[in-house]
Amino acid sequence: MIEEHNYGQPEVLEGPFSTRQLLRLDEALRTADRATGLVFSVYVGELEEPVRGHAERMHQQLPDVASAVLIAVSPNQRVLEVVTGGDARRRIPDRDAKLAALSMVAAFGGGDLAGGIISGLDQLATRAGRGE
């Protein structure tokens, strides 16, 4: 998270990731976007109940909703949601999104939040393939 101060200087707040992990996540997102033509986003934080509805509302706020893929993770709630827009869903069927989610959950269980998300991004991008 970034907080703006009166001076206009952003301050990075404490979060679950180290600087190196954030750089790896950023690179994984850019790679997935470039490789597929879809728009991948990750949210890590609390989700309101019902969590699926909250994740879907966040997804609707993304640019190019039809091509957007949102991975929403709430470690404290032990919840993971993958939301895909219409175009993205045709390329990443629910079955494949669930398989990627299972892989992420396994990594999370081993204490590797960043690695799980990166692995999930790679699996989803691989399944989506190149855009037409």
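**View 1. Ile-92 and its contacts in a predicted model.** Beyond its neighbours within four places in sequence, Ile-92 is in contact (heavy atoms within 4.5 Å) with Leu-38, Phe-40, Val-69, Ala-97, Leu-124, Arg-127 and Ala-128. The model is predicted, so to speak of local features takes pLDDT of at least 70, and side-chain atom pairs count only at pLDDT 80 or more, while totals for chains, interfaces and linings use all residues. Residues are numbered from 1 along each chain as its sequence is written, and side-chain values use heavy atoms, with hydrogens and water left out.

**View 2. The largest nonpolar core.** Here a nonpolar core is a set of buried (under 20% relative accessible area, 1.4 Å probe, protein chains only) Ala, Val, Leu, Ile, Met, Phe, Trp, Tyr and Cys residues joined through side-chain atoms within 4.5 Å. Of its 26 residues, Phe-40, Val-69, Ile-92 and Leu-124 touch the most other members. At least two residues each come from helix H1 (19-36), E4, E5, H4 and helix H5 (113-128); helices are DSSP runs of H or I with at least four residues, strands are E runs of at least two, and both are numbered from the N terminus. H5 gives the most to this core, with 8 residues.

View 3. A pocket is an open set of points on a 1 Å grid over the protein atoms alone, where a 1.4 Å probe fits, with protein on both sides within 12 Å along at least five of seven lines; lining residues have an atom within 4 Å of a point. The lining of the second largest pocket includes Val-73, Arg-78, Phe-108 and Leu-113. H4 gives the most to this lining, with 3 residues.

Conventions
Buried means under 20% relative accessible area, exposed over 50%, partly exposed in between (1.4 Å probe, protein chains only).
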